[in-house]
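Please find below a briefing on one structure, arranged by topic, with the cut-offs given where each term is first used.

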Amino acid sequence: MVIAIASQKGGTGKSSTSISLAAGLAHLGKKTLLIDIDSQANSSKVLLHNYQSLKPDNTIYRTIMRPTTERAPLPIHQTLVPNLSVVPSHILLADTDIRLTTAIDHREARLKTELDQVKADYDFILIDCPPTLSWSTINALTAADKVIVTVAPGYFELDSIVQISKTIEQVHEYFNPQIELLGFLFTMSDPTITTQTSLKILRQTYTQRVLQTIIPRNTDLRDAHFNRQDIFSFNPEAKAARAYRMLISELFHL
Ligand SMILES: Nc1ncnc2c1ncn2[C@@H]1O[C@H](COP(=O)(O)OP(=O)(O)OP(=O)(O)O)[C@@H](O)[C@H]1O
Ligand SMILES: [Mg+2]
């Protein structure tokens with residue numbers, strides 16, 4: 001199963017959710033691949049300790065920048081976590097939009113074309129998307145079976161759901177009739193009134209589409225990533241680790 005983690009709003013917990021879900025599944029013995037398609041390369045930097053020495057050709061850059069007619073196998077790297085591999089991103093991917101806007105081949109399907117070659121080798125494949133509605137995001141949504149939209153507390157975050165929902169609908173119509181919303185995931189939750197009001201509005205507006213599991217604001221998650229570890233390796237008893245464990249149980253009954 002290929003799952004994209006998306007939202008075009010910055011800082012809503014996409015990378016943290018991608019890393020935690022991928023590591024959580026790997027810790028449960030599931031063969032997992034995390035694809036980083038955001039030029040900020042946040043999840044690549046946490047999970048691959050040799051990240052700084054990687055050339056663009058060892059990253060997803062080569063997959064996205066080559067025309068669909070040329071083979072560019074996915075550059076898959078094993079991480080220190082058993083069962084978890086990563087396809088890292090690269091800062092040069094920031095130019096993707098300009099380059100792909102003029103491409104005439106199936107520019108939306110470059111990731112999908114290569115992912116289809118290795119899909120059967122993994123139990124779960126997760127894609128960490130950039131905070132933009134770009135060709136990178138379109139590539140991720142075209143390759144995905146499901147999408148999780150992360151939502152952080154706040155007015156603009158709720159507002160941005162309308163836009164990402166439209167993008168998912170458009171990808172569904174033009175590029176990928178398979179794609180399905182797994183749900184909206186409320187992240188960085190705390191007991192403040194603003195946060196609780198955001199959650200209430202989200203649940204009232206999107207009812208069944210809001211996932212039951214809520215990810216709490218938890219500094220262990222930041223500390224884990226600062227130490228270049230996933231939350232389960234860093235502190236399996238952390239509140240965030242428990243929440244992501246519950247999310248895995250809710251989504252996959254594992
Ligand atoms: N549950 C949480 N509790 C506390 N801090 C969190 C939590 N989730 C994420 N963060 C922190 O919030 C910041 C943004 O999170 P993250 O990088 O996961 O978001 P993102 O949506 O991937 O951002 P971007 O849009 O820039 O890619 C990071 O510093 C991260 O460590
Ligand atoms: Mg990110």
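**The sheet and its surroundings**

The model contains an open sheet of 8 strands in the order S3-S4-S2-S5-S1-S6-S7-S8, with mixed pairing. Strand S3 (77–78) and strand S8 (210–216) are the edge strands, each with a single partner strand, so one side of each is left without a neighbour in the sheet. Helices (H or I, at least four residues) and strands (E, at least two) are DSSP runs numbered from the N terminus, and two strands pair if DSSP finds at least two bridges between them. This is a predicted model, in which local features need pLDDT of at least 70 and side-chain atom pairs count only at pLDDT 80 or more, whereas totals for chains, interfaces and linings use all residues. Residues are numbered from 1 along each chain as its sequence is written, while chains are lettered from A and ligands numbered from 1 in the order in which they are written.

**Strands and the helices across them**

- Strand S6 (residues 146–151) and strand S7 (residues 180–189) run parallel and are joined by 6 bridges, with Val 147 standing opposite Leu 181 in S7.
- Helix H1 (residues 14–27) lies across strand S1 (2–6), strand S2 (32–36), strand S4 (84–87), strand S5 (124–128), S6 and S7, and runs at about 165° to S5; axes are lines fitted to C-alpha atoms, for helices over the stretch in contact, and angles run from 0 to 180 degrees between N-to-C directions.
- Helix H8 (residues 193–206) lies across S6, S7 and S8, at about 165° to S7.

**Packing of H1 against H11**

- The axes of H1 and helix H11 (residues 239–252) come within 10 Å and cross at roughly 70°, and the two helices are therefore roughly perpendicular to each other (65 to 115 degrees).
- Ser 20, Leu 21, Gly 24 and Leu 25 of H1 make the contact with Ala 240, Tyr 244, Arg 245, Leu 247 and Ile 248 of H11, where contact requires C-beta atoms, placed from the backbone, to lie within 7 Å.

- Of the 20 residues around ligand 1, Gly 10, Lys 14, Ser 15, Ser 16 and Pro 131 come nearest, a residue being near if its C-beta atom, placed from the backbone, lies within 6 Å.
- H1, S7 and helix H9 (219–226) each supply at least two residues of this shell.

**Leu 115**

- Leu 115, found in helix H5 (residues 110–118), is buried, with 24 other C-beta atoms within 10 Å (buried means 20 or more).
- Not counting residues up to four places away in sequence, Leu 115 touches Val 2, Leu 74, Ile 125 and Ala 143.

Notes. Contact = placed C-beta atoms within 7 Å. Parallel < 35°, antiparallel > 145°, perpendicular 65-115°, else oblique. Buried ≥ 20, exposed ≤ 12 C-beta atoms within 10 Å, placed from the backbone.
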